[in-house]
Amino acid sequence: MGSSLSAASALLAAYTVPFVGIEISETAIAVLGSLIIVVLIVLSAFFSSSEIAMFSLAAHRIDALVEDGRYGAETVKELKDDPHRLLVTILVGNNIVNIAMSSIATGLFGMYLTQGQAVLAATFGITALVLLFGESAPKSYAVENTESWALRIAKPLKVSEYLLMPLIVLFDYLTRVVNKITGGRSAIETSYVTRDEIQDMIETGEREGVIEEDEREMLQRIFRFNNTIAKEVMTPRLDMDAISKDDPIEDAIQQCIHGGHARLPVYEGSLDNIIGVVHIRDLVRDLNYGENGDLELGDLIQPTLHVPESKNADELMAEMRENRMHMVIVIDEFGTTEGLVTMEDMIEEIVGEILEGEEEEPIEQVSEDEVLVKGEVNIEEVNEFLDIELPEGEEFETIAGFIFNRSGRLVEEGEVMEYGRVRITVEKVENTRIMKARLTLLPEEEAGDEPDEDADVEPGEVPTE
């Protein structure tokens, strides 16, 4: 402690030597030292605010600023192209400035106080000044004015890089060596934003009123779409309308009109051997305006794709667009027809359900804590709608599948089961199929513990909490 204080005092004592025949007094030294500290505080504020501004500026905004020809944008881009060196530049400059401030302040106080008092006064005094004027205030300003401040300080920061080049090169190299030895990697070298961060920003945007609820839902569906498979999107085999290759064109038209379809899959022999698709436009045109009356249904068949049920929906949509197909057939591992996927199904996964005529809503709000849900609705949609956490399994994705999986048997109308604070009542059953269920959120005091996901359910048992 004594040696550092002596060094600081010696530095200031250099100013007391005769200069042009005039000896500088202690008062002049104090004034000069104070002015130097003020300059150093300004430099500390410069480096601190530079760090916030430069690393808060998103890469896409820098590109936009460069395209707009904004002053300083090219320099900002040049600095951000090597974020590791930029950070080292700022840290080296900031530390030199802060250490110099502390040393000079210690020397100044040493002229009027004891060594111990001088060290304490310099430590707490400079810390307070740096926190207020060198860190807090400038960083707050940089947060509020990120873009304009980054453009303004880019060129001075580049000059600082040139002036401190030897130290920057040395510490840049040493930092990379340490990271290599420890197996670490600087976070600034990774992507400046992740999928999770974008989703958090979307939710925050809704809370702050920047985006609407329906916009938030659509954006979240876009993110989920990449993890969706064909089985989750398809119309199941039980709901498929199809026609045999040997049926007359009139029957195909009638079935299209009756089912409200623009296209129909065509099979040969059985539904597990779908050979293509026919469009009602071609059927009507051939029937009413065809020149050749001998054309049969098989002559109007257009080829289609057969995809596995595990096919990624994002990839499938790209493939359908590339091949200009509006309907594909989904098959299981044995080659059996599982269902079909249309381009409308894909779009609904992003924009939400597209209802026609008197078609019912898939999830109908009965009250604040109660909804009616179609059995075919995906569990993920139910969870999002009610803010609950019903589990999904490899064997099922729908609410009907969840009920069957939990019961371990066929269920009848009126049966009730509970999962956590959710009471599920089977409202409508057709043959063996659950068409509609009522979900009611129970008060916390009535809710049971969450069941064990790995617990076995005996056939015929309806687990309750």
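Visitor: Which residues does Asp332 touch, not counting residues up to four places away in sequence?

Guide: This is a predicted model, in which local features need pLDDT of at least 70 and side-chain atom pairs count only at pLDDT 80 or more, while totals for chains, interfaces and linings use all residues. Residues are numbered from 1 along each chain as its sequence is written, and side-chain values use heavy atoms, with hydrogens and water left out. A contact is a pair of heavy atoms within 4.5 Å. With residues up to four places away set aside, Asp332 touches Glu309 and Glu338.

Visitor: How far from Asp332 is the nearest side chain of opposite charge?

Guide: Asp332 is buried (under 20% relative accessible area, with exposed over 50% and partly exposed in between; 1.4 Å probe, protein chains only). Asp332 has no salt bridge, a term for a side-chain nitrogen of Lys or Arg within 4 Å of a carboxyl oxygen of Asp or Glu. Lys and Arg count as positive and Asp and Glu as negative, leaving out His and the chain ends. The nearest opposite charge belongs to Arg237, at 7.3 Å.

Visitor: Which residue has its backbone nitrogen 2.9 Å from a polar atom of the Asp332 side chain?

Guide: Asp332 sits in the loop between strand E6 (327-331) and strand E7 (337-342); strands (E, at least two residues) and helices (H or I, at least four) are DSSP runs numbered from the N terminus. The backbone nitrogen lying 2.9 Å from that side chain belongs to Thr336.

Visitor: How far apart in space are Ala30 and Ala105, C-alpha to C-alpha?

Guide: Ala30 lies in helix H2 and counts as buried because its relative accessible area is 16%. Beyond its neighbours within four places, Ala30 is in contact with Leu108, Met111 and Tyr112. Ala30 and Ala105 are 75 residues apart in sequence, yet their C-alpha separation is 9.5 Å.

Visitor: And what percentage of the protein's residues are buried?

Guide: The protein contains 17 helices and twelve strands. Of its 465 residues, the buried ones make up 37%.

Definitions and conventions: A polar contact is a pair of N or O atoms within 3.5 Å; within protein, one must be able to donate a hydrogen and the other to accept it, and residues adjacent in sequence count only if both atoms are side-chain atoms.
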